[in-house]
Amino acid sequence: MSTPTPTPTPTPTPTPLLSSPASRRRARWALVAVATGAFCVQLDSFALSPALPVIRADLHGSAAATAWTVSGYLLAAGSLMPVAGRLGDLCGRRRMLLLGLALFAAAACLCALAPSLPLLVAARVLQGAGGALIMPTGLALLTNVCPPGRERRGPGGHRAIGRALGLAGLATVCGPFLGGVLATSVSWRAVFWLTVPLAAAAALCALRAPASRAPDPRPLDVTGAVAATGALACLARWLQQPADGLWAAAAALLGALLGALFLRAERRAARQSRGRRSPVPILGPALFRNRRYVTLTVAGAVANAATVALLYVLPLLLSRGRGWPVPGAEPALLAPAAALAVGGPLAGRVRPAAAVRVMTLCLFTAAAALWALAWAGTGTGTGPGTGTGTATGTAGSSGFAARTAVTTATSAATVAAAALGVAGGLALAGTQAVVRPERAGEASGVTKAVMTATAGLGLTAGGGAGPSLALPAAACLLAAGAPALAPVLAPALAPVLAPIRASVLAPIRAFVRASVRRPGRRH
């Protein structure tokens with residue numbers, strides 16, 4: 001009687017170890033491809049803002065409709081990033097990066113050729129889908145091609161992500177200048193044409209990068225993917241304009257329903273047998289049990305919202321302090337923009353074990369600098385939250401006082417930008433270092449989605465009744481102190497939270513468990 005031969009188990013594809021010159025060259029091509037793609041996405045975002053008034057005048061649109069060229073992009077990018085990152089893990093990270101670059105370039109061509117504002121908004125939504133594929137899959141590709149701990153044998157580790165983010169950060173510096181010059185001197189359509197050759201160059205570099213995918217042949221959970229995308233789109237829409245009456249309420253309600261559907265689909269996918277044809281969940285529960293990952297993601301979202309508020313408020317403070325028009329304040333914005341750009345490379349040099357501590361220090365520094373900038377705003381004629389644009393008597397009568405206030409504001413803004421740049425880089429590079437490489441796309445997709453969805457809160461906090469940085473500073477302070485204060489405050493808050501948990505959270509949890517319970521199979 002012969003013994004049956006056991007079926008061999010497929011072995012995971014080994015991660016490149018950068019041990020040969022050829023593998024190191026291919027890893028460098030991956031780094032150049034991801035850095036160029038990220039630069040292309042950032043340049044498109046920052047160069048478009050100065051061109052919005054020209055677009056509105058040329059296409060004869062209202063201010064609210066023109067704003068959707070930005071909002072539509074953010075909605076598409078933020079809602080699709082978790083699914084895009086997971087698709088990169090399952091279908092191939094280089095393949096999804098190439099698809100994203102092609103989609104981004106094609107949508108840029110459609111934007112440049114758009115004859116009307118509705119068609120421009122539709123092309124921007126398509127471009128957001130391309131951007132959603134570029135960023136998470138690119139970061140996951142670097143994580144797997146340049147694994148942590150290989151810095152001495154190539155460009156690898158989290159330093160590779162830091163370098164890519166550093167090049168992308170240069171778009172923060174040159175984007176507004178290029179966008180303003182092209183929109184006024186050539187055409188606003190040139191802003192979109194500029195990104196097409198950059199995306200093509202990134203695609204050519206990606207073709208020479210090594211392929212990478214997770215050793216999981218199962219298909220994606222389509223129901224969970226659709227529900228997650230819809231829920232995130234509704235959440236992002238509500239966060240952009242939470243006081244928009246019935247539309248905001250409808251977005252919140254629909255987002256809650258889609259979120260419940262997503263939970264049900266994820267539970268069903270997780271309980272099914274691990275066969276070759278069973279769908280794989282979009283998000284694994286282990287990701288949210290990773291305390292360092294959750295801490296860095298939440299802190300990065302707060303830092304990103306504070307960065308958006310800083311970039312919105314600072315030109316108004318400087319222009320009102322010296323009588324400049326807002327475009328004339330650009331020279332004084334160069335130092336904060338450059339400080340923000342170097343945050344990525346600095347974050348890449350932080351050891352993963354120290355990422356949370358450095359993130360806490362960056363948020364504390366940013367909070368102090370933002371408060372100093374808000375205080376300096378009173379000297380430039382705009383107090384925090386006042387919304388007034390008239391100069392004070394001292395500033396009006398003394399040019400020295402105005403110059404001193406502007407210098408103080410610029411210095412505080414530079415310190416805040418440097419701290420927030422490092423915090424944002426840590427949120428992307430640090431989270432990749434604390435998860436398993438085969439789930440890198442999933443992790444980067446969730447982190448980027450959270451940071452993109454909460455970016456609109458920076459405009460809400462920075463705008464409102466008037467330019468103010470008090471709320472972003474308080475948010476940074478709270479996010480920095482939360483990990484340290486949680487063990488101390490938990491016992492004190494337990495008597496208060498216990499009735500809420502028993503009366504509100506327990507019934508919701510019971511309802512969710514009952515709705516996602518899978519019925520028994522009939523034999």
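## Basis of the description

Helix axes are lines fitted to C-alpha atoms over the stretch in contact, and angles between N-to-C directions run from 0 to 180 degrees. Helices are DSSP runs of H or I with at least four residues, numbered from the N terminus.

This is a predicted model, in which local features need pLDDT of at least 70 and side-chain atom pairs count only at pLDDT 80 or more, while totals for chains, interfaces and linings use all residues. Residues are numbered from 1 along each chain as its sequence is written, and side-chain values use heavy atoms, with hydrogens and water left out.

## Helices H1 and H3

Helix H1 (residues 21-48) packs against helix H3 (residues 63-91) at an angle of about 155°, and their axes are 11 Å apart. The two helices are therefore roughly antiparallel, a term for angles over 145 degrees. Their crossing is left-handed, that is, the near helix is turned anticlockwise from the far one by less than a right angle.

On the H1 side, Val 41, Asp 44, Ser 45 and Leu 48 make the contact; on the H3 side, Thr 69, Val 70 and Tyr 73 do. Contact here means heavy atoms within 4.5 Å. By class, the residues of this contact are 4 nonpolar, 2 polar and 1 charged. Ala, Val, Leu, Ile, Met, Phe, Trp, Tyr, Cys and Pro count as nonpolar, Asp, Glu, Lys and Arg as charged, and the others, Gly among them, as polar.

## Helices H4 and H7

The axes of helix H4 (residues 93-113) and helix H7 (residues 189-207) come within 8 Å and cross at roughly 160°. That makes H4 roughly antiparallel to H7. H4 passes H7 in a left-handed crossing.

Residues of H4 in the contact include Leu 97, Leu 101, Phe 104, Ala 108 and Cys 111, and those of H7 include Phe 192, Trp 193, Thr 195, Val 196 and Ala 199. The contact of H4 with H7 divides into 18 nonpolar, 1 polar and 2 charged residues.

## Thr 195

Thr 195 lies in helix H7. Its relative accessibility is 1%, and Thr 195 counts as buried, meaning under 20% relative accessible area with a 1.4 Å probe and protein chains only. Leaving aside residues up to four places away in sequence, Thr 195 touches Cys 40, Asp 44, Phe 104, Ala 108 and Gln 127.

## Cysteines

The structure holds 0 disulfides, a disulfide being a pair of cysteine sulfur atoms within 2.5 Å. For Cys 111, the nearest cysteine sulfur is that of Cys 109, 9.2 Å away. Cys 111 is buried, with a relative accessible area of 0%. Cys 362 is also buried, at 9%.

Key:
Parallel < 35°, antiparallel > 145°, perpendicular 65-115°, else oblique. Buried < 20%, exposed > 50% of the residue type's maximum accessible area, 1.4 Å probe, protein only.
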